[in-house]
Amino acid sequence: MAAAEPESFDRNGSSSKGARVNEFGNPEIAQESSIDEFAAPEEARFECPICLAWLRDPVLTSCGHRFCRNCIHDWLQKGNAACPVDNMKLDKNKDIFPDNFTRREISQQRTKCPNIVRGCLIELSPLDVEEHLLVCEFRPPELPDHEKLRCIFVNIGCYEKFEDDPELQRHLEQNIQQHLALVSQAYSKATINQSNESASSALAQANFWDPPSKQESSSQLNQDENMQNLLRALYEKIVYLEQKTREQDIIIANMSQQVSNYSTTISNFQQRYCNGSFIWHFNDFKTKITAMRENMRLMHYSPGFYTSPYGYKLCIRINLSPKDSNYLAILLHVMKSEHDHALDWPFCGRLTVTIVHPMQSYKNIKETMMSRPELQAFNRPIHDLNLKGFGYTEFASVEELLDQEFVANNQLIVKVNAQPV
């Protein structure tokens, strides 16, 4: 760990001498995101309405809309004779023109290589991305189809395949709703099958009217009475099936809601019952470091975790050191919880912060610190989290973390152990 001059910083960036443990101001919380900048241009005028990516070989229609040449031609060849935006009639031979002005504008734009998740930091024109991907040193290896990684939800309908772990993790992060929908559908099908078996059994046991046999004499049952009995039996069956259908609809709706909340419930359970020992997987490390170097006020926060089921709530903050952008700052914030009225304030306890090496635990970077009740960082929170944090401004060198392979699969593992005393 790099030696840092002990200072404390306020929201305005002013500093004062203090202990090695530093107290920070808290700028606006930055939302974490994973955005494919190549697939989605920032300006809508450079986006093809069909493929929703950068315009490639842009053309302009007679009704004033821009498309990729291949996209609009494929659209018209499929039997669609109208613009997909305003439904105006289009003739591919008369109503589509090259848009060289937009092409020049796009060539002057800059986007990041899609392999940024693997460490490629090159910025280039969107028109050159496809050519660059063929020679990018960070491109994933081309594997035969049977060796590619499958989505973990393959058994319930997601058949996507990936070259490496970063692509798989990115797919899982960006398709949570789709995967939950697949889980819900699979569960619903299983429930319906079980219900159908039960309904079939019940119908088999029900004593409904049976038509008279052919051998019976017509004199045994009047034709009008026979028709009335038939209609009554059919009505009973319809009512019975309608009731069963409504019951199944209610069951399916309830189960779908439970499945959609399942992931959130598990996450909240783990955070509440971790007993102050929380592990944060800081994903997309290289991209976030680059973004924080471009904007020094950008910070990332972990989910909140508890020292006990009814104890204090804290979270981890990661940002670059305001003194030296080559160092990583790690601080803890006390958060507001529903049990604050029953706790003793200010918070007093031992805080241990560890950057975990994924392969060699003896290389772990670990520091233990005691809380300081006189600091605002440990007072009872007024807002969602205290405006002051507590930790180290220069916990570890970014280059050291990369060189010594602390970052595996573009992920940094941070462990915190918070024990009140």
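Helices here are DSSP runs of H or I with at least four residues, numbered from the N terminus. By that rule, the chain of this predicted model has 8 helices and 19 strands. One of the helices is α6, which spans residues 223-272 and contains Met 227.

Together with Leu 230, Leu 231 and Leu 234, Met 227 makes a nonpolar surface patch of about 360 Å². The relative accessible area of Met 227 is 47%. Buried means under 20% and exposed means over 50%, so a residue in between is called partly exposed; Met 227 falls in that class.

From the surface we turn to the interior. Of the 421 residues in the chain, 38% are buried. In soluble globular proteins, nonpolar side chains tend to be buried together. The largest nonpolar core in this model has 40 residues. Those of its members that touch the most other members are Phe 285, Ile 316, Leu 351, Ile 355, Leu 401 and Leu 412. Ile 355 shows what such a position looks like in detail. Beyond its neighbours within four places in sequence, Ile 355 is in contact with Ile 330, Asn 364, Ile 365, Phe 395, Ala 396, Leu 401, Phe 406, Leu 412 and Ile 413. Another core, of 14 residues, lies apart from the largest one, and its members include Phe 46, Leu 55, Val 59 and Cys 68.

Helix α2, residues 100-107, gives a view of burial along a single element. Its buried residues are Thr 102, Glu 105 and Ile 106. These residues lie on the same side of α2 because they cover an arc of only 95 degrees around the axis. Among the elements covering them are strands β4 (58-61) and β5 (66-68).

Burial also occurs in a loop. Gly 311 sits between β13 (305-306) and β14 (313-320), and Gly 311 is buried, with a relative accessible area of 3%. Leaving out neighbours within four places in sequence, the contacts of Gly 311 are Tyr 306, Ser 337 and Leu 343. Tyr 273 is 38 residues from Gly 311 in sequence, and the C-alpha atoms of the two are 10.0 Å apart in space.

A last figure concerns contacts across the chain. Among contacts with a separation of 6 or more, 57% are between residues 24 or more positions apart.

Technical notes. Residues numbered from 1 in each chain as written. Predicted model: local features only at pLDDT ≥ 70, side-chain atom pairs only at ≥ 80, totals over all residues. Heavy atoms only, no water. Buried < 20%, exposed > 50% of the residue type's maximum accessible area, 1.4 Å probe, protein only. Helix = DSSP H or I, 4+ residues; strand = E, 2+ residues; numbered from the N terminus. Arc of directions from axis to C-beta. Contact = heavy atoms within 4.5 Å. Core = buried A, V, L, I, M, F, W, Y, C linked by side-chain atoms within 4.5 Å. Patch = residues over 30% accessible without salt bridge, like charges linked within 9 Å, V, L, I, M, F, W, Y side chains within 5 Å. Areas by Shrake-Rupley, 256 points an atom, 1.4 Å probe, with all protein chains shown as cover. Salt bridge = Lys/Arg side-chain N within 4 Å of Asp/Glu carboxyl O.
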